[in-house]
Amino acid sequence: MGKFVVKTTATGFKFDLKAGNGETIATSEVYTTKQACLNGVDSVKRNSVGKVEDQTVENFETVKHPKFELYMDKAGEYRFRLKATNGEVIATSEGYKSKASCENGIESVKKNAPDAAIVEAE
């Protein structure tokens, strides 16, 4: 079972969505307040049902928000970002060497986020 781990940073609050095995699947931006961070968690829970827009293929089909954007970064790694209904980025992934691994990360967010518990970092 996945969980959202909320933690305090030097400049605010952020969350990591972790899979049942403890691996981080997605990370948030830094929010100025804890309530804003918790609102971000709720947004990921609600918007994790989005379709995937694969920006790594030519003439990719644009998908309506909410959506996962699968793209290649400057280092040549695959990444995804989850965008809410309003187009705001609410979670991002780490870099993956293979497209299949990145797609597995997206599926893991879809599976884990909706029912994930919220815990405080130790």
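## Basis of the model

Residues are numbered from 1 along each chain as its sequence is written, and side-chain values use heavy atoms, with hydrogens and water left out. Because the model is predicted, local features need pLDDT of at least 70 and side-chain atom pairs count only at pLDDT 80 or more, while totals for chains, interfaces and linings use all residues.

## Helix H1

Helices (H or I, at least four residues) and strands (E, at least two) are DSSP runs, numbered from the N terminus. Helix H1 has 14 residues and spans 20 Å from its first C-alpha to its last, close to the 20 Å expected at 1.5 Å a residue, where the expected span is 1.5 Å times one less than the number of residues.

In H1, Cys37, Gly40, Val41, Ser43, Val44 and Asn47 are buried, a term that means under 20% relative accessible area, whereas exposed means over 50% and partly exposed lies in between (1.4 Å probe, protein chains only). Seen down the axis of H1, the buried residues fall within an arc of 160 degrees, so they line one face of the helix; the arc is that of the directions from the helix axis to the C-beta atoms.

## The nonpolar core

A nonpolar core is a set of buried Ala, Val, Leu, Ile, Met, Phe, Trp, Tyr and Cys residues joined through side-chain atoms within 4.5 Å. The largest one has 26 residues, and those with the most contacts inside it are Phe4, Phe15, Leu17, Val44, Phe80 and Val109. Among the elements that give two or more residues to this core are H1 and helix H2 (99-112).

## Serine 28

Serine 28 is found in the loop between strand S3 (24-27) and helix H1 (34-47), and with a relative accessible area of 8% this serine is buried. Its side chain reaches the backbone nitrogen of phenylalanine 15 at 2.9 Å.

## Salt bridges

The structure holds ten salt bridges, each a side-chain nitrogen of Lys or Arg within 4 Å of a carboxyl oxygen of Asp or Glu. In one of them, the side chains of lysine 99 and aspartate 54 meet at 2.5 Å, N to O. Lysine 99 lies in helix H2 and aspartate 54 in strand S4 (residues 51-54), so the pair ties together parts that are 45 residues apart in sequence.

Another salt bridge joins the side chains of lysine 7 and aspartate 16 (2.8 Å, N to O); lysine 7 counts as partly exposed at 28% relative accessibility, while aspartate 16, at 4%, counts as buried.

Definitions and conventions:
Polar contact = N/O pair within 3.5 Å; in protein donor to acceptor, adjacent residues only side chain to side chain.
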